[in-house]
Amino acid sequence: MSEALLLAFAIVIFAGILAILVVLLRSRRAAPDPAAEQKIAELDVRVQTMGDLLAKAQSQLQQTVHERLDAVSARIGESMQNSTKHTAEHLQQLHARLAVIDSAQKNITELSSQVGTLQQVLSNKQSRGAFGQAQMEAIVRDHLPKESYEFQATLSNRARPDCCIYFPGAGPCLVIDAKFPLEAVTAFQQAKSEDEKKLAMARIRQDISRHITDIADKYLIPGETQDIALMFVPSESIYCELYDGFDDLFQKAYRAKVSIVSPSLLMLAIQVIQQIRKDAKMREAADKILAEVGYLVSDVQRLRDRVENLEKHFGQANSDLRQIVISADKIVSRGDRIQTVEFGGEMKTAEVIPAPITRKLEARD
């Protein structure tokens, strides 16, 4: 702001000087006066001096303006660099987020296609049956050995259940049926009005009641199958809906000796069967274990007898050693008596020298 004022002031002074010069030139042309000429000369000197000052001020003003412009340019350049850097970082973050969104979009697209495929599968009755059969077979295969089950086995009445689980021994098998009627349940889930729901509920009771009766008539054979059969529902949500709203169906299934199971309940039942098989194997191995324990007891008894015989041998050896020591003591005492016998007055009593065996016995004691 000060530089602009200084420049305006310089311009005003310069204009004033020009006006004075114009006036002086006009007066010189009018009448040549020596005093006026002297004044004109003085004014020329002053004008020149002020011109020099004005030029100096202008140069200082230009230098100051250039310095300010350089500082402003540097700040603008730095600000632009920082802005460019921040913009690049934000663009990178935006690109990463767009990549994540793109991946999520692909997953959603794949999930949508899978849901559409599942809906197409469940829209067909045969496809639904195959879906329930495949789910049941996967659960059975994952938890039981191959020799303990059979799919599509033929019973004595020529009925072919979806799965037969065999127990250890020659006991009856457990039958699993996976052909659950889902049409009525689907209609119930898609019903919009109360009348449609009532019709769907009536259809559910009719279809499932008929299916329970078919399972009881075909798959409950005395002596060949267990007293109870399993009806597999391939969906936990459908099982929960049936359990909450159709208790009469579960009561009828209980009376008909048919158990309605969901995937989690089927896995629980198979775990119980696994434990039964383990217990049966333990009972089969119990005889072998008892025989081995009997052999082990016989070996221990035989070892005890041999230890007793060895103890007897050690006792006999100790007795023989004591007898030997007694005999050696008798021999030493007899030798001592012989050495103390006097043969006349001239013979001196000989020095009694212990026998070697006596020294050994004393050292032993």
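**Entry 1**

I count a residue as buried under 20% relative accessible area, as exposed over 50%, and as partly exposed in between. I also remind myself that this is a predicted model. I then looked at its backbone and found a positive phi of about 55 degrees, although Gln 152 is not a glycine.

With a relative accessible area of 75%, Arg 158 is exposed.

**Entry 1: the whole chain**

I stepped back to look at the protein chain. Its secondary structure comes to nine helices and five strands. Reading along the sequence, I wrote down the pattern α-α-α-β-β-β-α-α-β-α-α-β-α-α. Of the 365 residues in the chain, buried ones make up 22%. I also checked contacts between residues at least 6 apart in sequence, and 63% of them join residues at least 24 apart.

**Entry 2: the sheet**

Next I traced the strands. In which order do the five strands of the open sheet lie? I read S1-S2-S3-S4-S5, with mixed pairing. The edges are strand S1 (149-151) and strand S5 (258-261), each pairing on one side only. From one strand to the next, the twist averages 20 degrees.

I reminded myself that strands of a sheet pair through backbone hydrogen bonds, either parallel or antiparallel. Then I went through the pairs in turn:

- S1 and strand S2 (residues 163-165) run antiparallel and are joined by three bridges. Here Glu 150 stands opposite Cys 164 in S2.
- S2 and S3 are antiparallel too, over three bridges. Cys 164 turns up again, this time opposite Val 175 in S3.
- S3 and S4 run parallel, with two bridges joining them. I noted Ile 176 opposite Leu 230 in S4, and Asp 177 has Met 231 in S4 as its bridge partner.
- S4 and S5 pair in the parallel sense over four bridges. Met 231 has Ile 260 in S5 as its bridge partner.

**Entry 3: two sides of a strand**

I wanted to see where the side chains go. In a regular strand they alternate between the two faces of the sheet. On S3, Leu 174 and Ile 176 point one way, while Val 175 and Asp 177 point the other way. Are these S3 residues buried or exposed? I found all of them buried.

S4 is covered on both faces. Ala 229 and Met 231 are buried on one side, and Leu 230 and Phe 232 are buried on the other.

I moved on to helix H5 (residues 194-219), which lies across strand S3 (174-177), strand S4 (229-232) and S5. H5 runs at about 145 degrees to S4.

Then I looked at how H5 sits against helix H4 (residues 183-190). Two packed helices are described by the angle between their axes and the distance between the axes. The axes of H4 and H5 come within 8 Å and cross at roughly 165 degrees. Angles over 145 degrees count as roughly antiparallel, so H4 is roughly antiparallel to H5. I noted the crossing of H4 and H5 as left-handed.

Which residues meet where H4 touches H5? From H4 I listed Glu 183, Ala 184, Val 185, Ala 187 and Phe 188. From H5 I listed Lys 197, Ala 200, Met 201, Arg 203, Ile 204 and Asp 207. This contact divides into seven nonpolar residues, no polar ones and four charged ones.

I followed up Asp 207, which is found in H5. Is Asp 207 buried or exposed? Its relative accessible area is 13%, so Asp 207 is buried. Leaving out residues up to four places away in sequence, Asp 207 touches Pro 181 and Ala 184.

**Entry 4: one more aspartate**

Last, I looked up Asp 279, which lies in helix H8 (residues 263-339). At 34% relative accessibility, Asp 279 counts as partly exposed. I then compared Asp 279 with Pro 168: they are 111 residues apart in sequence, and 9.6 Å apart in space from C-alpha to C-alpha.

Terms used: Residues are numbered from 1 along each chain as its sequence is written. This is a predicted model: local features need pLDDT of at least 70, side-chain atom pairs count only at pLDDT 80 or more; totals for chains, interfaces and linings use all residues. Side-chain values use heavy atoms; hydrogens and water are left out. Two strands pair if DSSP finds at least two bridges between them. Axes are lines fitted to C-alpha atoms, for helices over the stretch in contact, and angles run from 0 to 180 degrees between N-to-C directions. Contact means heavy atoms within 4.5 Å. Angles under 35 degrees count as roughly parallel, over 145 as roughly antiparallel, 65 to 115 as roughly perpendicular and the rest as oblique. A crossing is left-handed if the near helix is turned anticlockwise from the far one by less than a right angle, and right-handed if clockwise. Ala, Val, Leu, Ile, Met, Phe, Trp, Tyr, Cys and Pro count as nonpolar, Asp, Glu, Lys and Arg as charged, and the others, Gly among them, as polar. Buried means under 20% relative accessible area, exposed over 50%, partly exposed in between (1.4 Å probe, protein chains only).
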